[in-house]
Amino acid sequence: AATAPRVPSTALALQNFDMNYSLQLGEAWPSVRASLLSEQKYGALVNGFADVERVTQELELVNAADFVSQGLQKAQRLQQGSVVEPAVGEQSASQEAPSERQAAKLPLPSALVTPNVKCYTFPRGDITRFRSARPNVLGILNYYLLDAASLLPVLALNIQPGDSVLDLCAAPGGKTLAILQTGLCRHLAANDISISRTKRLQQVLNSYVPKQVKETVCITSWDGRNWAELEAGTFHKVLVDVPCTTDRHSVMEEDNNIFHKMRSKERQMLPMLQLQLLVAGILATMPGGEVVYSTCSLSQLQNEYVMERAIEIAQTEYNIGTHVQDLSYFRTLFQDTFSFSSDCRLGELVLPHLTANFGPMYFCKLRRV
């Protein structure tokens, strides 16, 4: 008898998303769906260990702009009471025009985002691709291409001089590289349970970071769920960028797809793994320190529900209180670059949009009391 044709993992992913996200996102889902199935947009994270002035000039010549500095300039204008023009081009209904109310909600500039990070993007609606990064005379590459939305969790960490930072699920290395760009960490621990992925992280650092800087990073392949056994209550800032359904990858690529039929149990266990990692991140944070949790999924089960359960477990099982930090000002600062959801109970969510095809990227910040 003929065997039934194998259903591609990408098709299984899309079926799953159609069923779940049409309920979660409602009328927004067809637009988000079309964007997920279209070419992703990238940003160029400028490598501060290369010739920054030359790199930024080259990027500006092709009409790219640093979205981080644009957002901070916008914050300054809002706080000074200047009139700010709305973003050029189409905006989603979830985006508001800047107002006095928004300005009142903005923290002081020094407390807005992690400093010294530059990431260039093309304007809304511009689908130009960045050319491949090139090495300087020392073999250091000039920029790192990544989904620009993946920098938002690093910006939310708001790293300050002398901070001790843990990147609990660090591979393949884009966020670790962004953390290093700050030049502010007293100590940076970069961990990933996968030895093969940790090798990829080391390759990224070899290509972008001078040897003397790379040697200051402690790279480990520990099971992040057990980090408290290694170092509990020691870090000022912890990034918990967890394994997830990687929604865009899952609808576009067969390779390493979490929706493969052989991986259904692994996929079902993702929220539990994410919860364990987030609780471990909270335990690794010193009192007064902060944790940023992030995924590249739209799923509430992997986003808000994990946050809510982790807060509850930290309190009931470990007697650790946490406060969710308001990150709504990210929408105000960066709405010209990204399309944000307005429906998150906790944290912020970047929605893929055809004119700004970044994300999905969910991020939420906790302060340990």
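Predicted model: local features only at pLDDT ≥ 70, side-chain atom pairs only at ≥ 80, totals over all residues.
Buried, in these notes, means under 20% relative accessible area.

**Entry 1, aromatic pairs.** I searched the whole structure and got 14 aromatic pairs. I opened F330 and F334 to begin with: their ring centres are 5.6 Å apart and the planes meet at 65°, so I noted the pair as edge-to-face. Both residues sit in helix 15 (residues 329-334), 4 residues apart, which puts about one helical turn between them. I then looked up accessibility. F330 comes out at 0% relative accessible area, so it is buried, and F334 is buried as well, at 0%.

F338 has 0% relative accessibility and counts as buried. F340 has 1%, which is under the 20% cut-off, so I put F340 down as buried.

F330, F334, F338 and F340 are part of one aromatic cluster, along with F67, Y329, F358 and F363.

I moved on to helix 14 (residues 304-318), where E304 is found. Which side chain of opposite charge is nearest to E304? It is R345, 4.9 Å away. A salt bridge needs a nitrogen-to-oxygen distance within 4 Å, and E304 has none, although it is buried. I also listed its contacts, leaving out residues up to four places away in sequence: E304 touches D343, C344, R345, L346 and Y362.

Definitions and conventions
Residues numbered from 1 in each chain as written. Heavy atoms only, no water. Phe/Tyr/Trp six-rings, centres within 6.5 Å; stacked < 30°, edge-to-face > 60°. Helix = DSSP H or I, 4+ residues; strand = E, 2+ residues; numbered from the N terminus. Buried < 20%, exposed > 50% of the residue type's maximum accessible area, 1.4 Å probe, protein only. Lys, Arg positive; Asp, Glu negative; His and termini not counted. Contact = heavy atoms within 4.5 Å.
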